[in-house]
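Please look through the sequence and the three-dimensional structure shown here, and then read the report below with both of them at hand.

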Amino acid sequence: MSSVIEVANVSKAFGPKVVLKNVNIQVEQGESLVIMGGSGTGKTVLLRIIMGLLTPDSGHVTIDGKTIQGLSIPELFEVRKQIGMCFQMAALFDSMSVFENVGFALKRHTKMTKKEIALRVDECLAMVGLKGSDKLKPAELSGGMKRRVGFARAIALKPKILLFDEPTTGLDPVMTDVIGRIILDLKHELGVTSITITHDLKSAFMIADRVALIFQGECLAIERPEAFKLNPNPVIQQFLRGDADGPFLQDPPPPKRTPQEANV
Ligand SMILES: Nc1ncnc2c1ncn2[C@@H]1O[C@H](COP(=O)(O)OP(=O)(O)OP(=O)(O)O)[C@@H](O)[C@H]1O
Ligand SMILES: [Mg+2]
């Protein structure tokens, strides 16, 4: 069986800055892949390449057997309809209500009636635990609620694929857990194939069928959580420990101060 998402030998540089080097990733039907990596290592760039919003310098991406590089704009839109993207900072339309935000794509891309749209928006808000919040404006929502509205919007068109870019960054641990559970529910209820980018180890291991780590533009490992935790690669082990010392940081931290120095 072919993969739903295939990233094949993808490389991308911006001027002299090489961001992705020969990245290979395959995600199978119904699988939840979590991608981790330090800030600025190209995780968002990779998601944008998968969506066809950025073109790689070499390599290609296949969605459901269709290579997206080289598709015409209308063909690319057809492929994108199958993908729900939750951007790094919710990216809601501030002037629109929650209802309008979630129903936006339905109004734009389908022939659904007002009543059908209202039902679907209700359904999506219920799935993320926000039933009854449809009249609120983004400014009236907490960070966690905004993320959940972003999820509801992403699932409105019943996509086969969901891409989450740091869905929990900036949220408290309880809301992080709530978001993790919603991602799991979406996986079980909708059977979607997903890629989630997160720095949060707890939610990563909660939602991942497989985990990948991007380091210096390369995909260091892509394996099941149990194997990932035991991977002897020092970069992976440092990332898991959350320790400043080790090969993970390109600019090493200042040396630790002795107690005498610290008291000066
Ligand atoms: N359109 C662009 N033009 C030029 N450089 C870019 C562009 N998009 C991204 N970059 C650069 O590519 C690198 C990777 O960016 P990216 O946003 O993918 O990082 P990230 O891994 O998502 O980081 P974070 O965890 O902080 O979100 C950064 O150095 C960034 O400045
Ligand atoms: Mg990013």
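Asn-22 lies in strand E2, where helices (H or I, at least four residues) and strands (E, at least two) are DSSP runs numbered from the N terminus. Although Asn-22 is not a glycine, it has a positive phi of about 50°. Most residues other than glycine have a negative phi. Asn-22 counts as partly exposed because it has 13 C-beta neighbours inside 10 Å; a residue is buried if 20 or more other C-beta atoms lie within 10 Å of its own, exposed if 12 or fewer, and partly exposed in between, with C-beta atoms placed from the backbone.

This is a predicted model, in which local features need pLDDT of at least 70 and side-chain atom pairs count only at pLDDT 80 or more, while totals for chains, interfaces and linings use all residues. Residues are numbered from 1 along each chain as its sequence is written, and chains are lettered from A and ligands numbered from 1 in the order in which they are written.

Gln-216 also has a positive phi, near 45°, and is a residue other than glycine. The loop between strand E9 (210–215) and strand E10 (218–223) holds Gln-216.

| Residue | Other C-beta atoms within 10 Å | State |
|---|---|---|
| Gln-216 | 16 | partly exposed |
| Gly-191 | 10 | exposed |
| Arg-148 | 27 | buried |

Gly-191 is found in the loop between helix H6 (173–190) and strand E8 (193–197). Between Gly-191 and Leu-240, which are 49 residues apart in sequence, the C-alpha to C-alpha distance is 29 Å. Arg-148, by contrast, lies in helix H5, and its C-alpha atom is separated by 13 Å from that of Gly-84, 64 residues away along the chain. Not counting residues up to four places away in sequence, Arg-148 touches Val-128, Gly-129, Leu-130 and Ile-182, where two residues are in contact if their C-beta atoms, placed from the backbone, lie within 7 Å.

We now turn to the ligand. Which residues lie around ligand 1? They are Phe-14, Lys-17, Val-19, Gly-37, Ser-39, Gly-40, Thr-41, Gly-42, Lys-43, Thr-44 and Val-45, a residue being near a molecule if its C-beta atom, placed from the backbone, lies within 6 Å of it. Strand E2 (17–27) and helix H1 (43–50) each supply at least two residues of this shell, and H1 gives the largest share, three residues. By type, the shell divides into three nonpolar, six polar and two charged residues, with Ala, Val, Leu, Ile, Met, Phe, Trp, Tyr, Cys and Pro counted as nonpolar, Asp, Glu, Lys and Arg as charged, and the others, Gly among them, as polar.

Helix H1 is largely enclosed by the rest of the structure, because six of its eight residues are buried. Those buried residues are Lys-43, Val-45, Leu-46, Leu-47, Ile-49 and Ile-50. Just after H1, Gly-52 takes a positive phi of about 80°.

Helix H3 (residues 98–109) also has buried residues, namely Val-98, Asn-101, Val-102 and Gly-103, and the buried residues of H3 pack against helix H4 (114–127) and helix H5 (143–155).

For the protein chain, the domain assignment, whose bounds come from an automatic or database source, gives domain 1 (1–82 + 161–170 + 186–246) and domain 2 (89–158). The C-alpha centres of domain 1 and domain 2 lie 26 Å apart. Their contact takes six residues from domain 1 and seven residues from domain 2, and on the side of domain 1 that touches domain 2 there are four nonpolar residues, one polar and one charged.

The largest nonpolar core has 59 residues, of which Ala-152, Leu-163 and Ala-212 touch the most other members; such a core is a set of buried Ala, Val, Leu, Ile, Met, Phe, Trp, Tyr and Cys residues joined through C-beta atoms within 7 Å. Domain 1 and domain 2 both give residues to this core, so it lies between them. Leaving aside neighbours within four places in sequence, Leu-163 is in contact with Leu-47, Ile-50, Met-51, Ile-83, Met-85, Cys-86 and Ile-195.

Taken as a whole, the protein chain has ten helices and ten strands, and buried residues make up 36% of its 264 residues.
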